[in-house]
Amino acid sequence: MLEILTSPQNPRYKQLKKLAESAATRRELGQTLLDGEHLLAAALDAGVRPRVVLTPLDAPMHRLLARCAAVEHIQLAPALFNALSPVKTPTGVLALIDIPAAVPPASSPFCVLLEAIQDPGNLGTMLRSAAAAGVGVAYLSPQCADAWSPRVLRAGMGAHFTMQIIEHADLCVVARQFDGAVCAAELDASQTLYQIDLHGAVAFAVGNEGAGLSPELCAAASVRFSIPMPGQVESLNAAAALAVCLFERVRQKG
């Protein structure tokens, strides 16, 4: 079924705009917007069926529409389409999806605990690195950015569809219940990342650049380490630090 929207006052368009801009609306409806063909392809590959596919009015037929033959299709006036996209140069396709239900597994040998990561780009990059390293579950504290916002989704590049993402988690409880080593980076730790054994079940706990990890989560960690930095800087970007940690575990596991 094809519908055409040309007015910003259209009630359906208004709801789509709210989904693009409001975390509260996304939580209330349990839905979000995917921007771009890479994200849509990743969702389709993971078995996620969009509710609606959106393209600009009079644009050439997008190649992914063939995989969404039974999905409702909305064409939007170009200005309306561009206003829904979080990027300056949209790729020409958006999709409305139900946010997948988060079902934490009974156990996972490789996890990340992300505390107060408020920058959407950083959060998405961290999820992307975690997915690339084979992480099974990402636990996010209540102070993190909305994991299913369009900006986080774009930075994640499909990571959301390859692992479980548990938002609003009590990270101290998760750390205490984790059946393995909960590893936290500290600048003055007595051992470095490259001196700890990461062969078993591992959860890396990471905080934001400004505040780092809370004292409570640091206390719940079982292993503390530093990342050697011979250069003339005080710290790494949180996303970069997490990537270093994740792939040291990948290296050790061989």
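Let's start with Glu 37, which is partly exposed at a relative accessible area of 28% (buried is under 20%, exposed over 50% and partly exposed in between, using a 1.4 Å probe and protein chains only). Its salt-bridge partner is Arg 63, with the closest N and O atoms 3.0 Å apart; a salt bridge here is a side-chain nitrogen of Lys or Arg within 4 Å of a carboxyl oxygen of Asp or Glu.

This is a predicted model, in which local features need pLDDT of at least 70 and side-chain atom pairs count only at pLDDT 80 or more, while totals for chains, interfaces and linings use all residues. Residues are numbered from 1 along each chain as its sequence is written, and side-chain values use heavy atoms, with hydrogens and water left out.

**Salt bridges**

- The count comes to ten salt bridges. Side chains of opposite charge can pair when their charged atoms come close.
- Helices (H or I, at least four residues) and strands (E, at least two) are DSSP runs, numbered from the N terminus.
- Arg 63 counts as exposed, at 56% relative accessibility.
- Arg 67 and Asp 45 also meet in a salt bridge, at 2.9 Å from N to O. Here too the pair links distant parts of the chain: Arg 67 sits in the loop between S3 and S4, Asp 45 in helix H3, 22 residues apart.
- Arg 67 is partly exposed, with a relative accessible area of 44%, while Asp 45 counts as exposed at 59%.
- Glu 3 pairs with Arg 12, their closest N and O atoms being 2.7 Å apart. Glu 3 is partly exposed at 25%, and Arg 12 is partly exposed at 29%.
- Glu 72 joins in as well: Glu 3, Arg 12 and Glu 72 are linked in a network of salt bridges.

**The five-stranded sheet**

- Five strands make an open sheet with mixed pairing, in the order S1-S4-S3-S5-S2. Two strands pair if DSSP finds at least two bridges between them.
- At the edges are S1 and strand S2 (31-35), each of which pairs on one side only.
- On average, neighbouring strands of this sheet are turned by 25° against each other, direction ignored. Axes are lines fitted to C-alpha atoms, for helices over the stretch in contact, and angles run from 0 to 180 degrees between N-to-C directions.
- Strand S1 (residues 2-5) pairs with S4 in the parallel sense over four bridges, and Leu 2 has His 73 as its bridge partner in S4.
- S3 and S4 run parallel too, joined by five bridges; Thr 55 stands opposite Gln 75 in S4.
- S2 and strand S5 (residues 94-98) run antiparallel, with five bridges joining them. Leu 33 has Leu 96 as its bridge partner in S5.

**How covered is S4?**

- S4 is mostly covered, with five of its five residues buried.
- In a regular strand the side chains alternate between the two faces of the sheet. Both faces of S4 are covered: Glu 72, Ile 74 and Leu 76 are buried on one side, His 73 and Gln 75 on the other.

**Pockets**

- A word on the method: on a 1 Å grid over the protein atoms alone, a pocket is an open set of points where a 1.4 Å probe fits, with protein on both sides within 12 Å along at least five of seven lines, and lining residues have an atom within 4 Å of a point.
- The largest pocket has a volume of about 460 Å³, a volume being the space filled by probe spheres set on the grid points, which are joined across faces, edges and corners.
- Its lining has 20 residues, with Ala 185, Leu 187, Gly 212, Leu 236 and Ala 241 nearest the centre. Strand S10 (202-207) and helix H9 (238-253) each supply at least two residues of the lining of the largest pocket.
- By class, the largest pocket's lining has 13 nonpolar, five polar and two charged residues (Ala, Val, Leu, Ile, Met, Phe, Trp, Tyr, Cys and Pro are nonpolar, Asp, Glu, Lys and Arg charged, and the others, Gly among them, polar).
- The second largest pocket has a volume of about 380 Å³.
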